[in-house]
Amino acid sequence: MDRWNNKVAVVTGASSGIGESLVKELVKNNVKVVGLARRIENMEKIKNNIKNQKGAFYPIKCDVSKENDILKAFQWIEKNLKTVDILVNNAAVLTSDLCIESSTENLKNVIDVNLIGTALCTREAVKIMRANNIAGHIININSIAGQRVAFFNNSGFNMYSPSKYAQKAMSQVVELELEHVKSPTKVTTIFPGLVKTEMPPQEAFKIIPYVDAEDIVNGIIYALSTPPHVQIKELTITPVPGYQRK
């Protein structure tokens, strides 16, 4: 992680779960981390808890389903921190109502957060990376739901899987586009299985093996720690089938 010493990372969905754990780990590794999330009060608590670490944490209230929030956030980053070296697209939402019964608002919101928000943050980050000739790293936190559709407790989780399948394709598009414009920035997609956070149905943790947010963060750090000529394109992190927690 020495190559990221004193560099700037942007983490979406930074107020809890994987995002919160990643913020703490990056700041510990002397990275300047900008957290984007709706729950600014959560991020302020995180900031207070890690104030004695090597790096720094800058929380910004941002709803990634709103383009104006994203534009303002990246304008602040460019003005105050000058650059972006790492982008982790972690923000995501899901809804358990059926697609065939869902409101249009729910259908659109999942796509806006999980796909369009990722695309907009990537666009703005790459714009800054290219302007500064940065060999950066973009990490998209996908899901095994982006590899296969699951059905649990009478739900296929609406547009969650479709949004994640599309996010996987978008990662591949962005990688090819970066190659086309001769940018050395890497793209990594991480596919977690069930992770112990507040987002999945909580009853799932009683019957399905799961991993912790820190396990996913370890995978992110692994991808970031590779030398400049190595790119981890995809990484799937799941619990061992049938493993029982003590």
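This is a predicted model: local features need pLDDT of at least 70, side-chain atom pairs count only at pLDDT 80 or more; totals for chains, interfaces and linings use all residues.
**Stop 1: H4 and H5**

Select helix H4, residues 104-131, and helix H5, residues 160-180. Their axes come within 8 Å. They cross at roughly 15 degrees. That angle is under 35 degrees, so H4 counts as roughly parallel to H5. The crossing of H4 and H5 is right-handed.

Now show the side chains of the contact. On H4, pick Val110, Ile111, Asn114, Leu115, Thr118, Ala119, Thr122 and Val126. On H5, pick Tyr160, Ser163, Lys164, Ala166, Gln167, Met170, Val174 and Leu178. Colour them by class: the contact of H4 with H5 has 10 nonpolar residues, five polar and one charged.

**Stop 2: H3 and H4**

The crossing of H3 and H4 is right-handed.

Which residues make this contact? From H3, select Glu67, Ile70, Leu71, Phe74 and Glu78. From H4, select Gly117, Leu120, Cys121, Arg123, Glu124, Ala125 and Ile128. By class, the contact of H3 with H4 divides into seven nonpolar residues, one polar and four charged.

**Stop 3: the cysteines**

Cys121 was part of the H4 side of the contact with H3. Select it again, together with Cys62. The closest cysteine sulfur to that of Cys62 is in Cys121. A disulfide needs the sulfur atoms within 2.5 Å. The disulfide count comes to zero.

Is Cys62 buried or exposed? Cys62 is buried, at 2% relative accessibility. Next, go to Cys99. Cys99 is partly exposed, with a relative accessible area of 37%.

**Stop 4: Asn109**

Return to helix H4 and select Asn109, which lies in it. Asn109 has a relative accessible area of 33%, so this residue counts as partly exposed. What does Asn109 touch, leaving out residues up to four places away in sequence? Its contacts are Ser65 and Val93.

Finish with a distance. Draw a line from the C-alpha of Asn109 to the C-alpha of Pro241: the two are 32 Å apart in space. In sequence, Asn109 and Pro241 are 132 residues apart.

Key
Residues are numbered from 1 along each chain as its sequence is written. Side-chain values use heavy atoms; hydrogens and water are left out. Axes are lines fitted to C-alpha atoms, for helices over the stretch in contact, and angles run from 0 to 180 degrees between N-to-C directions. Helices (H or I, at least four residues) and strands (E, at least two) are DSSP runs, numbered from the N terminus. Angles under 35 degrees count as roughly parallel, over 145 as roughly antiparallel, 65 to 115 as roughly perpendicular and the rest as oblique. A crossing is left-handed if the near helix is turned anticlockwise from the far one by less than a right angle, and right-handed if clockwise. Contact means heavy atoms within 4.5 Å. Ala, Val, Leu, Ile, Met, Phe, Trp, Tyr, Cys and Pro count as nonpolar, Asp, Glu, Lys and Arg as charged, and the others, Gly among them, as polar. Buried means under 20% relative accessible area, exposed over 50%, partly exposed in between (1.4 Å probe, protein chains only).
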